[in-house]
Amino acid sequence: MLSIALPKGRLGDKVYKLFSQLGYGCPSIEEDSRKLVFDSPDGKVRYLLVKPSDVAIYVERGAADIGVAGKDTLMESEPDVYELLDLKFGKCSIAVAAKNGWVDDVSLPLRVATKYVNVAQNYYMSINRQIDIIKLNGSIELAPILGLSDVIVDIVETGTTLKENDLSVFNVIAPSSARLIANRASYQFQADIIEEIRAKLEAII
Ligand code: PRP
């Protein structure tokens, strides 16, 4: 049985529908419940519903054989997994945003609020800018509004959250989209089914 880690939420729903289309359906997953593990009726696959930022950890440590994770989360945690395919959906950017009209004072360390600590550190190191990281776990846009930070590093999808909070993008760090990832050992020992899934996905996206 192949274990597949799905990111809980909108992205996961889309990924499950795709897998279902490919012949790996599991109707019980569509029922409204609090269950987190679902086995397909034919016993071929097991779906695990995990927090999106945790998919890579499950796959890296072999608790799941494959999974789908956003490139943003992979850039942040840099897991030791195979990245097999860009699924070309769940598109967004990791960007630097600040209050409209904000001007950088380069004589001071930049206060950066983010949940992407690693991405932000790598980015500012690459442009030689000193920063002071403020790690937050959500509603990042609040930080510059309240003066807690100068900028934020966060994902921007439609841009609505920034717009409704009088913020705008100052730099795009990297584009992101959903990626199919595999555990390194699973990719050796279950190569047939994982390759079959990768090829079928590639054919329909
Ligand atoms: C993410 C992100 C932004 C928002 C961007 O937040 O942190 O706040 O989506 O999307 P938009 O450009 O389409 O408005 P999420 O909904 O994951 O909630 P969070 O604040 O808890 O991180």
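A residue counts as buried when its relative accessible area is under 20%, as exposed when it is over 50%, and as partly exposed in between, using a 1.4 Å probe and protein chains only. The model on your screen is predicted, so local features need pLDDT of at least 70 and side-chain atom pairs count only at pLDDT 80 or more, while totals for chains, interfaces and linings use all residues. Residues are numbered from 1 along each chain as its sequence is written, and side-chain values use heavy atoms, with hydrogens and water left out.

Select Glu78 to begin, in the loop between α3 (71–77) and β5; helices (H or I, at least four residues) and strands (E, at least two) are DSSP runs, numbered from the N terminus. Glu78 counts as exposed because its relative accessibility is 54%, and its phi is near 40°, a positive value in a residue other than glycine.

Next, select Lys88 in the loop between β5 and β6 (92–99), where phi is positive at about 65° although Lys88 is not a glycine.

Now move to α8, and colour its buried residues, Ile194, Ile197, Arg198 and Leu201. Seen down the axis of α8, these buried residues fall within an arc of 95° (taken from the directions from the helix axis to the C-beta atoms), so they line one face of the helix. Turn to the other side of α8, where Asp192 and Ala203 are exposed.

Finally, which elements do the buried residues of α8 pack against? With contact meaning heavy atoms within 4.5 Å, they pack against β1 (2–7), α1, β4 (66–70), β5 (82–86), β11 (178–182) and α7 (184–189).
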